Amino acid sequence: MSDTSHTGYQVLARKYRPATFADLIGQDAMVRTLKNAFEADRIAQAFMLTGIRGTGKTTTARIIAKGLNCIGVDGTGGPTTDPCGLCQNCVAITEGRHVDVMEMDAASNTGVQNIRDAIIETVSYRAAQARYKIFIIDEVHMLSTSAFNALLKTLEEPPAHVKFLFATTEIRKVPVTVLSRCQRFDLRRIEPEVMIAHLQKVAAQENAQIAEDALALITRAAEGSVRDAMSLLDQAIAHGAGETTATQVRAMLGLADRGRVLDLFEAIMGGDAAGALAELGGQYADGADPVAGAARSGGNHPLVERDQDHARCRRRPHHRPRRTHARPVAWPTACRCVR
Ligand SMILES: Nc1ncnc2c1ncn2[C@@H]1O[C@H](COP(=O)(O)OP(=O)(O)OP(=O)(O)O)[C@@H](O)[C@H]1O
Ligand SMILES: [Mg+2]
Ligand SMILES: [Zn+2]
């Protein structure tokens, strides 16, 4: 973790990127499996890390890369899930400048030629300094079909000194032929209690005071993504002078607080008309379109049932519901059935 006073402000999400598995929260099952594999010397040739945004895919890939190449402070250590962070390999990988650890973003290198140049042509050469030559490919689902095909053979039987670490948010877009050659880990959304504890720890390290219910709001808005939660915490700390309160966080979240759609839904389903109207009014005042929001997240929300919308529209008494609307419309102002 770097010193902010020399490098300018670094956002919390980057400042607190876990350097070891001990710091990685909420992914215990994956960490256990990896530890067993390393201890039994059964390390797969390719890993596929998948999960929603900001749950630790890139972080895990970097920790594995360090673990594979760590030589320990005395220079004699073997592969470990507990990289020392101090040896030349660990330091270079952390700083993103290790010659044997290639980090590629598939989103900007989608073509087959990129894969040929960066991987296929180079795998046969041994690692220059480290034990393994490691290819980290982020957003791997963005590779073109021909790029995937070009990779298949190398992925099937890579030289012993080569390891692949893939990360993706959209596993369904990765061909099964590629998946079947990888050991797959599904990173989980972080449980609320774990997230709140993590945010508390970070806030304490930052000497920031923030109320527990404010952290609960941030956690809910983050929907299980640590990066989202850290970015919101960053913003919340900047917002409040003294202790940051839940009210401040609620105002800050405004439109970003998708959990409020659920509040509205709960009030409606619980028959709490006054509560529902108050929530609706609040969301409207914040600039939200709660009805459209509910439609996107739920679909069957009673307020947005398409046919009901039209059934209640009085502008055309003989109107028959049309099912061709691209998305549900808010009644009565936005109803397009008059057309
Ligand atoms: N499991 C975790 N434990 C602790 N911090 C985490 C975890 N996951 C993510 N973070 C925080 O979020 C930041 C981003 O994490 P990372 O880059 O690993 O996410 P990602 O899963 O690769 O996301 P994306 O899909 O957007 O690329 C990290 O720097 C760290 O601060
Ligand atoms: Mg990533
Ligand atoms: Zn090391």
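These points cover the ligand site, the sheet and the helix packing of a predicted model.

1. Basis. In this predicted model, local features need pLDDT of at least 70, side-chain atom pairs count only at pLDDT 80 or more, and totals for chains, interfaces and linings use all residues. Residues are numbered from 1 along each chain as its sequence is written, and chains are lettered from A and ligands numbered from 1 in the order in which they are written.

2. Ligand shell. Ligand 1 is surrounded by 22 residues, a residue being counted if its C-beta atom, placed from the backbone, lies within 6 Å. The closest are Arg 17, Gly 56, Lys 57, Thr 58 and Thr 59. Two or more residues each come from α2 (12–15), α4 (57–69) and α11 (226–239); helices (H or I, at least four residues) and strands (E, at least two) are DSSP runs, numbered from the N terminus.

3. Shell composition. Eight residues of the shell are nonpolar, nine polar and five charged. Here Ala, Val, Leu, Ile, Met, Phe, Trp, Tyr, Cys and Pro count as nonpolar, Asp, Glu, Lys and Arg as charged, and the others, Gly among them, as polar.

4. Ligand and domains. Ligand 1 lies between domain 1 (4–186) and domain 2 (192–256), because both give residues to its shell. The domain bounds come from an automatic or database domain assignment.

5. Sheet. Five strands form an open sheet in the order β2-β3-β4-β1-β5, with parallel pairing; two strands pair if DSSP finds at least two bridges between them. β2 (101–105) and β5 (183–186) are at the edges with a single partner strand each, so one side of each has no neighbour in the sheet. From one strand to the next, the twist averages 15°.

6. Inside the sheet. β1 (residues 46–50) and β4 (residues 162–168) run parallel and are joined by five bridges. Phe 47 stands opposite Leu 165 in β4.

7. α9 and α10. Helix α9 (residues 192–205) packs against helix α10 (residues 212–222) at about 125°, with axes 9 Å apart. Axes are lines fitted to C-alpha atoms, for helices over the stretch in contact, and angles run from 0 to 180 degrees between N-to-C directions. The pair is therefore oblique: angles under 35 degrees count as roughly parallel, over 145 as roughly antiparallel, 65 to 115 as roughly perpendicular and the rest as oblique.

8. α10 and α12. α10 also packs with helix α12 (residues 246–253), at an angle of about 25° and with axes 8 Å apart. That makes α10 roughly parallel to α12.
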